[in-house]
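Please look at the chain shown below and keep it in view while reading.

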Amino acid sequence: MKLFSFAVILIVLFMVFSSPISVPKKSSNIKPDTTMQKRKQIAQKDSEYVCVKIERSDEEWQKILSPDQYAILRGKGTEMPFTGKYYNNKEAGIYVCAGCGNELFSSDTKFESGTGWPSFFAPVSKENIATERDTSHGMIRTEVLCAVCGAHLGHVFEDGPPPSRLRFCINSGALVFKKKAAQ
Ligand SMILES: [Zn+2]
């Protein structure tokens, strides 16, 4: 009898878990974009950088960013080596996008490349960055962009240290450093 009830439970469980789950379709006209709202809230709390939307006009970016930040993030510029504020920074913390506050690189992956630009062997998460083929200036390079606001951050090269062998060569001006809170 016990065996029978056990079998019944098993069958019921199987039916429950194998039944197709109906996924509600996204109705963008009704549902507010909560992710965006969250980002806005975070941005409003933090005055160090002005975060916000994925899409902004050039005029808006110009108002938000400093001229140096604008030239790098929106104009794909490159700062002079050994001039940025983070190439020699050895403090523990997180580097976020100067345009939107998206977490990009951790000090745990920062290394001394000798190039004069902050260098990392991996991003905080692959989803937080985007890459694109860049053929400007007569070179074939891989551009690194912020996955949230599309800002230009720098380039990634395949001559980094293990374990990734990658070198994310990033402009200091594209980053804002968030020092790790003392524990
Ligand atoms: Zn960004």
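## A report on the predicted chain

Lys76 lies in the loop between H4 and S1, where helices (H or I, at least four residues) and strands (E, at least two) are DSSP runs, numbered from the N terminus. This is a predicted model, in which local features need a pLDDT of at least 70 and side-chain atom pairs count only at pLDDT 80 or more, while totals for chains, interfaces and linings use all residues. Residues are numbered from 1 along each chain as its sequence is written.

**Confidence and overall make-up**

The predictor's confidence in each residue is called pLDDT and runs from 0 to 100. The chain averages a pLDDT of 82, and 70% of the residues score at least 70. Over residues 19-53, however, the pLDDT is below 50, and this stretch has 22 contacts in the model beyond near neighbours in sequence; two residues are in contact if their C-beta atoms, placed from the backbone, lie within 7 Å.

The secondary structure comes to 4 helices and 9 strands, and from the N terminus on the elements run α-α-α-α-β-β-β-β-β-β-β-β-β. Among contacts between residues at least 6 apart in sequence, 55% join residues at least 24 apart.

**Two open sheets**

Two strands are said to pair if DSSP finds at least two bridges between them. With that rule, an open sheet of 3 strands has the order S2-S1-S9, with antiparallel pairing. S2 and S9 stand at the edges of this sheet, each with a single partner strand, so one side of each is left without a neighbour in the sheet. On average, and with direction ignored, neighbouring strands of this sheet are turned by 30 degrees against each other; the axes behind this angle are lines fitted to C-alpha atoms (for helices over the stretch in contact), and angles run from 0 to 180 degrees between N-to-C directions.

S1 and S2 form a hairpin with 5 residues between them, and in the turn Gly101 has a positive phi of about 85 degrees.

A second open sheet is formed by 6 strands in the order S3-S4-S8-S7-S6-S5, and its pairing is antiparallel. Its edge strands are strand S3 (110-111) and strand S5 (129-134), each of which pairs on one side only.

| Strands | Bridges | Sense | Opposite residues |
|---|---|---|---|
| S1 and S9 | 5 bridges | antiparallel | Tyr95 and Phe177 |
| S7 and S8 | 4 bridges | antiparallel | His155 and Cys169 |

**The nonpolar core**

Which residues have the most contacts inside the largest nonpolar core? They are Cys97, Leu104, Cys146, Ile170, Ala174 and Leu175, in a core of 33 residues. A nonpolar core is a set of buried Ala, Val, Leu, Ile, Met, Phe, Trp, Tyr and Cys residues joined through C-beta atoms within 7 Å. Among the elements that each supply at least two residues of this core are helix H4 (67-73), strand S1 (93-97) and strand S8 (167-170). Leaving aside its neighbours within four places in sequence, Ile170 is in contact with Phe105, Trp117, Pro118, Phe120, Val144, Leu153, Gly154 and Leu175.

**Residues in the loops**

Buried residues make up 29% of the 183 residues in the chain.

Most residues other than glycine have a negative phi, and most peptide bonds are trans. Against that background, Lys76 has a positive phi near 55 degrees, and with 16 C-beta neighbours inside 10 Å it counts as partly exposed. His137, in the loop between S5 and S6, has a positive phi of about 55 degrees although it is not a glycine; His137 counts as exposed, because it has 7 C-beta neighbours inside 10 Å. Finally, the peptide bond from Pro162 to Pro163 is cis, with omega near 10 degrees, and the place of Pro163 is in the loop between S7 and S8.

Conventions
Buried ≥ 20, exposed ≤ 12 C-beta atoms within 10 Å, placed from the backbone.
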